[in-house]
Amino acid sequence: MDNLFNPETIFGIIGMAVTLAMPYLYAAIGELFDQTAGCYNLGTEGIMMMGAFSAFYVVYETGNLGFGVLAAAIVGLLMGLIMAVISVTFKAEQGISGIGLTMFGVGLSSLLFKTLLNGTVLSVKGFKSIRIPILGDIPYIGDAFFNHNIMVYVAYLLIPIASIILYKTTLGLKIRAVGQNPQAADTLGVSVNKIRYLCVCGGAILAGIAGATFSIANINMFQEKMTNGTGYIAVALVYFSGWKPWRVLLGALLFSFVNALQLRMQVLGINIPSDIAMMMPYLLTIVTLIFVKSRDKPAALAVPYERSEN
Amino acid sequence: MLKKNSIVVLFIIAILAMAALPVAAADDVFQVAMIMPSKINDYSFSQSMYEALKVLESTFPEGGFELVYSEDMFNVADAREAIRDYADMGYDLVIAHGSQYGTSLQEIAPDYPETAFAWGNGTEFYGQPNISVYQARAEQGGYVFGQVAAKYTNNGKLGVCGPVESGDAKTYIDGFKNGASEAGSPVSVTYTSSFSDVSLMSAAAQTHMDEGATLLTGTSQSIPGAVSVVKENNGIWMGVQWDTIPLAPENVLVSLVYDWSPILNDIVSNMKEGSFGGRAYDLTFKDGGLKFVWNTENMEIDPELIAMADDLAAKITAGEISPLPAQ
C-alpha cells in the first residue's frame, strides 16, 4: 500500500487518467451540444466505431494522421446527418433511433473491417507524444500533464472552447434557448431545426473523432467493438456534468482516474478482488448521478419541436 | 391421355429424385458446426479451434467436409438457439467452444442422440453419451513461460494482463506466477473483467510497464491492445492460445499455441465407431496439444532458452514438476 503513495506512482496514475479521459471528452462535449439543444444522441457509440474504423483505414492506406482525423470527422458528420434527419426532421423517438444508429455503426464498422482488411488486426503508427517545452520538464507534473499526443491536448482545449461558445456567444444563447424553450426561441426568429441540425452534426463530428482517438491516438490498431461502451459512458457524463462543460472535464477525469487507480492497485499487488476494482469507476458514476441536481437539464430535451401555426 | 399422365408421373419422379440428391450427398459429408464467443481470427481461443478444424478438413477427401460457424456468440441465449439450429439441421458434430455454453448443451443434447456435441473449457458431460468436454491445461504452459520469462529478463519484473479471473485464463496466470516466482521474478497481475475491452487491456499493459515490467503476457481476444503498448515501448510479449507473432514480429518472443487437432481426431474417430461422446479431454504437452512457437525468424533467441522450455515441458509431462503451487 505504501507504494501507492509515492509521487512517481501518484503522478503516473494522474498521467494515465489524463490519457484515458481523451475519448470521453470528445464524445461527451459533442453530446453536451446535442443535449443542450434538446436532442439525445444515443448513437454516439456507433458513430465512434465508424470514426475509429475510418480513421484507422485512412491512416493505414495513406500514413497521414491528419487525413485519418478528417475521415473520422466526415464519417461522423454523415452519421450525424442521419441522426438529425431522423430526430429533427422526422421527429422520431430519439432514444430508439440513437440505439438504432449505434447498432448500424457497430455493424457497419465490423463489415467494413472484414471486407477491406479481411478482419485482420493490424497496427499503424499513431500520434506521438509531444513534450511541451519548460512545462514538460517540471518533475512529475511534466510527465503527467505535458507529455501527451496532440489529440489529448486538443481534447482538453475543447472544454474552454465549448464553454465560451455556450455562454459567451450569440450562437450559444440560441443553442440553450432551443433546448430550454424552442417555442420562445422560434418566436424570436431562431431557427430551431437549423440549430438542432448544427448541434447534432457538430456533436457527431466530435464523436467520430473520439472514435479515432482509439485507433490512431492511443491503441493504434482497429478491432471490432473496440470502443466498448465509451459512447454510453459519454452520455452518462453529460448528465453527471449537469450540462456544464467544466463538469464534463471533472467527470471524465474522475472516471478515468478511478480506472487508472484500480489498475495500478492491481499491479502493485494491493489485495482487492479484481471484479470490485473494475466496478469502482462505474459505481462512482452511478452514485454521483444520484446526487446531480437536474435543475439545469434542458427542458425540451428529447422533445421533438412542432411549430404551432396558430 | 396416358401419354400426358406419364409425363406428369415422370416429372414428379424427377422432382423427387432431385430433392433426394442433396440428402444423399449430405450423408457423405462430415458436417461440423462451431459456436464461439469471439472471432475466427481473434489470435486467441476461438482461432485455435478454427485452425484445428481447418487441419481436420484437410484430412477428408475434397467435398467430404463442411464447416460452418457462428461468431460473437457471447450471449448464451443466442448461442443456445444456434446450437439447437445446427442440431436440427443434422450437423454431425456441434462444437460449443466456450465454458458458458454448458447448460445449453445439457438441455439440447438429449434431444439429438445422433449428434455429437463438444464443449470447450467444459467441466463435465452431465452423463450424456453424446457430449465430449475438452479443456486446456494452460497452467502447464504458464509455468514454463514463467520460468522462461524470469530467465530472459534476468529475474526482472513481469506483468500479466488477464481478462476474467476464471477458466484457462486463470490457470495460465496461476501457472505463470508459480513458474516465475520459483525462478525469482516478481510478477504483477491485472484483470480487466472483460474479454473484449482492448482499451482497458492497453491501459493495464501501460500500467505494468510504468511500474517497471519489461516482459508481459496475457490471454483473451483483447490482447492486441496490450501487444500494441508493448510494441510502442519496445517490450517483450509472450502470447497464449494462438500465435501472436504477426501482431508484433519484433516483440513477441514466443507463443503457447493450443492445437486441438489430437482431441478432434479422437472425437471424430470415436464417432466413426458409433460413440458420440461421454469423454473428457485435457490439452497438454503430453499429447502435443500445447506447443511453443518461437519467434526465431525475427529475434535472436538463445537456444538454451528453447531447450530449457522443452525440458520443463518434458518434466511436467513426466510428473516431476507440478505447474501449480501445492494447495
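Predicted model: local features only at pLDDT ≥ 70, side-chain atom pairs only at ≥ 80, totals over all residues.

A: B:Val257 is buried, because 20 other C-beta atoms lie within 10 Å of its own, and the cut-off for buried is 20 or more. The residue sits in strand β10 of chain B, which covers residues 252–258. Its contacts come next. Neighbours within four places in sequence are left aside here. B:Val257 then touches B:Ser48, B:Trp242, B:Asp243, B:Lys291 and B:Val293. One pair gives a sense of distance. B:Thr192 is 65 residues from B:Val257 along the chain. The C-alpha atoms of these two residues are 23 Å apart.

Now the confidence of the chain around this residue. Chain B has a mean pLDDT of 91. In chain B, 92% of residues reach 70 or more. Residues 20–25 of chain B are another matter: their pLDDT is below 50. Beyond near neighbours in sequence, that stretch has zero contacts in the model. For the model as a whole, ipTM is 0.88 and pTM is 0.87.

Next, the side of chain B that touches chain A. Here 27 residues of chain B are in contact with 25 residues of chain A. On the chain B side, the elements giving two or more residues are β7 (187–191), α7 (198–210) and α8 (223–232). Helix α7(B) provides the largest share, with nine residues. By type, this side of chain B has eight nonpolar, 13 polar and six charged residues.

Finally, a helix pair in chain A. Helix α1 of chain A spans residues 7–36, and helix α10 of chain A spans residues 230–241. Their axes come within 8 Å. They cross at roughly 60°, so α1(A) and α10(A) are oblique to each other. The crossing of α1(A) and α10(A) is right-handed. From α1(A), the contact uses A:Pro23, A:Tyr24, A:Ala27, A:Ala28, A:Glu31, A:Leu32 and A:Gln35. From α10(A), the contact uses A:Thr230, A:Gly231, A:Ile233, A:Ala234, A:Val235, A:Leu237, A:Val238 and A:Ser241. The residues of this contact divide into 10 nonpolar, four polar and one charged.

Note on methods:
Residues numbered from 1 in each chain as written. Chains lettered and ligands numbered in written order. Helix = DSSP H or I, 4+ residues; strand = E, 2+ residues; numbered from the N terminus. Buried ≥ 20, exposed ≤ 12 C-beta atoms within 10 Å, placed from the backbone. Contact = placed C-beta atoms within 7 Å. Nonpolar A, V, L, I, M, F, W, Y, C, P; charged D, E, K, R; others polar. Axes fitted to C-alpha atoms, helices over the stretch in contact; angles between N-to-C directions. Parallel < 35°, antiparallel > 145°, perpendicular 65-115°, else oblique. Left-handed = near helix turned anticlockwise from the far one by under 90°. pLDDT = per-residue confidence, 0-100.
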